[in-house]
Amino acid sequence: MEFKPRIIAFLCNWCSYTGADLAGTSRMEYKSNVRTVRVMCSGRIEPTFVLEAFIKGADGVLVCGCHPGDCHYQEGNYRCLRRFLLLQKYIVQMGIETERLKLEWISASEGKQFAELVNSFTETITELGPCKIKDAMKIST
Amino acid sequence: MEGSKPKLKLAVYWASACGGCCVSVLDVHEKLFDVIAAADLVFWPIALDIKYEDVVKMPDSQIDVTLFNGAVRNSENEHMAKLLRKKSRILVAYGSCSHLGGIPGLANFSTKEEIFRRVYQESESTINPENIKPLPEYEAKEGILNIPVFYNDVCSLSQVVDVDYFIPGCPPQTERLLEVFVAIVSGAELTSEGSVIGAEAKAQCEECIRKKTENKRIKKFYRPWEINDDGVTCFMEQGVLCMGPSTRAGCGYRCIKGNAPCRGCYGPASGVNDPGAKMMSAIASIIDEKEPEDISRVLEDIVDPAGLFYRFSLPASLIRRKLL
Ligand code: SF4
Ligand code: SF4
Ligand code: FES
């Protein structure tokens with residue numbers, strides 16, 4: 001059976017979600033594997049959101065916020081960047097490839113960039129194959 | 001009023017544990033006399049010669065309170081967890097291993113195969129040319145011999161049986177145990193947060209007396225031995241990683257009083273659903289860098305994030321084992 005990756009994208013309301021929306025309203029074609037979750041700011045994306053996504057069966061997690069300097073709340077995206085870098089260090093220790101967690105800055109006008117990002121990320125995850133962490137959480141004797 | 005009130009029946013059992021929890025019970029010292037005045041210890045392998053068979057023969061729910069310490073890592077641990085559940089009115093997960101998996105839970109970073117290979121083949125002190133490994137069942141001349149089956153996963157007690165209460169700590173503070181015991185004997189309502197007793201709801205940082213400012217700014221993290229701790233300032237503010245922000249208070253910040261950062265043995269505080277996730281947030285908010293390369297350089301100082309964040313809690317955390 002063909003592998004259809006499950007991807008969760010956390011998008012900040014002010015830039016990235018608007019960018020994604022633009023991609024939609026401009027009828028740009030992009031892969032339909034992504035479920036988006038809108039948050040007010042990328043700084044709101046807590047590490048638990050990402051970890052929960054993986055253990056509930058996501059094959060990839062995409063995090064998007066405003067470009068550095070553009071965060072609606074000034075510092076949120078820097079906080080997000082630091083969490084992201086630490087999360088990557090942690091998930092690789094748990095056997096999840098770092099490529100499965102991606103952070104990109106998408107502005108409100110970057111609909112095209114968003115569509116391309118989704119396509120390339122979907123491709124990366126398709127190549128990596130399913131993430132097995134969900135199954136590994138079942139207790140084995 | 002001798003004899004007016006039936007004595008409580010108490011049991012203490014160790015599963016996959018180091019023995020420290022049982023010692024923390026023994027640490028009631030002379031208060032042990034008060035304990036045995038109010039309770040009969042009906043089963044306690046470290047101190048009493050009572051066999052498993054004797055427990056099997058007890059009627060169900062015969063034991064009032066069992067303090068079960070240790071994780072569940074093999075079939076014997078599981079068997080005893082189920083047996084004691086059946087025989088006890090109140091089953092308490094006592095100590096970090098039983099509560100969250102504890103130090104034995106770190107085995108969830110490996111598999112059974114890896115552990116056996118390391119222990120029976122590769123370790124520096126092992127000479128085993130015939131590659132002999134323990135078998136759960138062995139047919140000897142005299143008959144079939146059995147030893148417990150070693151599991152791939154280490155579990156906390158509540159992942160195997162229903163647990164009434166949890167007393168956290170590696171080991172729990174003996175004073176906390178005595179408070180709980182006195183409450184049980186007097187029939188008082190147990191103050192619990194969730195089902196956690198003998199601890200607080202709030203985080204360690206809220207109790208800790210080290211000086212803290214709201215403005216933590218860190219450009220480098222240090223291992224505790226790399227700095228001259230001033231003995232006064234919050235460890236995190238000095239760049240030493242401390243599990244205080246995610247950890248439940250209740251131990252009386254005993255490590256910090258001994259000038260060592262908290263390692264998190266009391267488990268996640270109320271409202272913290274994963275210790276590592278909480279620590280990652282806390283750490284991300286104090287690093288004073290904005291460029292990816294600079295942030296990564298600071299993060300290099302955190303050599304083993306998973307081991308640090310989940311030292312006592314891996315089997316009971318969001319990602320409960322390494323994917324191998
Ligand atoms: S981080 Fe550690 S040293 Fe600092 S306040 Fe919290 S518990 Fe105390
Ligand atoms: S300070 Fe932390 S590691 Fe030390 S006993 Fe208390 S909870 Fe456990
Ligand atoms: S509002 Fe977009 S990252 Fe903060």
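A search of the whole structure finds 3 cavities of 30 Å³ or more. Here a cavity is a set of points, on a 1 Å grid over the protein atoms alone, where a 1.4 Å probe fits but cannot get out, and lining residues have an atom within 4 Å of a point. Grid points are joined across faces, edges and corners, and a volume is the space filled by probe spheres set on the points. The model is predicted: local features need pLDDT of at least 70, side-chain atom pairs count only at pLDDT 80 or more, and totals for chains, interfaces and linings use all residues. Residues are numbered from 1 along each chain as its sequence is written, chains are lettered from A and ligands numbered from 1 in the order in which they are written, and side-chain values use heavy atoms, with hydrogens and water left out.

**Largest cavity**

- The largest cavity holds about 160 Å³ of space.
- Its lining consists of 16 residues, and those nearest the centre are L10(B), V35(B), L67(B), L177(B) and F181(B).
- Three elements of chain B, namely α2 (32-38), β3 (63-69) and α7 (174-186), each supply at least two lining residues; helices (H or I, at least four residues) and strands (E, at least two) are DSSP runs, numbered from the N terminus.
- The largest share of this lining, 5 residues, comes from α7(B).
- By class, the lining of the largest cavity has 16 nonpolar, no polar and no charged residues; Ala, Val, Leu, Ile, Met, Phe, Trp, Tyr, Cys and Pro count as nonpolar, Asp, Glu, Lys and Arg as charged, and the others, Gly among them, as polar.

**Second largest cavity**

- About 60 Å³ of space lies in the second largest cavity.
- I45(A), V50(A), V63(A), C80(A), R83(A), F84(A), L87(A) and L101(A) form its lining.
- Helix α3 (residues 76-93) of chain A gives the most to this lining, with 4 residues.
- The lining of the second largest cavity divides into 7 nonpolar, no polar and 1 charged residues.

**Largest pocket**

- The largest pocket has a volume of about 530 Å³; a pocket is an open set of points with protein on both sides within 12 Å along at least five of seven lines.
- Of the 25 residues that line the largest pocket, C205(B), K212(B), K216(B), P245(B) and A282(B) are the closest to its centre.
- Two or more lining residues come from each of α8 (204-207) and α10 (275-286) of chain B, and α10(B) gives the most, with 4 residues.
- The lining of the largest pocket comprises 14 nonpolar, 4 polar and 7 charged residues.

**Chain A: overall form**

- Chain A contains 5 helices and 4 strands, which run β-α-β-α-β-α-β-α-α from the N terminus on.
- Along the principal axes, the C-alpha atoms of chain A fill a box of roughly 50 × 35 × 20 Å.
- Buried residues make up 52% of the 141 residues in chain A; buried means under 20% relative accessible area, exposed over 50%, and partly exposed in between (1.4 Å probe, protein chains only).

**Cysteines**

- A search of the whole structure finds 0 disulfides over all chains, a disulfide being a pair of cysteine sulfur atoms within 2.5 Å.
- C66(A) counts as buried because its relative accessibility is 3%.
- C71(A) counts as buried as well, at 7% relative accessibility.

**Strand β8 of chain B**

- Strand β8 (residues 150-155) of chain B has 5 of its 6 residues buried, so it is largely enclosed by the rest of the structure.
- Strand β4 (residues 72-74) of chain B pairs with β8(B) in the antiparallel sense over 2 bridges; two strands pair if DSSP finds at least two bridges between them.
- V72(B) stands opposite C155(B) in β8(B).

**Backbone features**

- C170(B) and P171(B) are joined by a cis peptide bond, with omega about -10°, and P171(B) is found in the loop between β9 (165-167) and α7 of chain B.
- R27(A) is not a glycine, yet has a positive phi of about 55°.
- R27(A) is found in the loop between α1 (16-25) and β2 (34-39) of chain A and is exposed, with a relative accessible area of 75%.
- Q74(A), also not a glycine, has a positive phi of about 70°.
- Q74(A) lies in the loop between β3 (60-65) and α3 of chain A and is exposed, with a relative accessible area of 59%.
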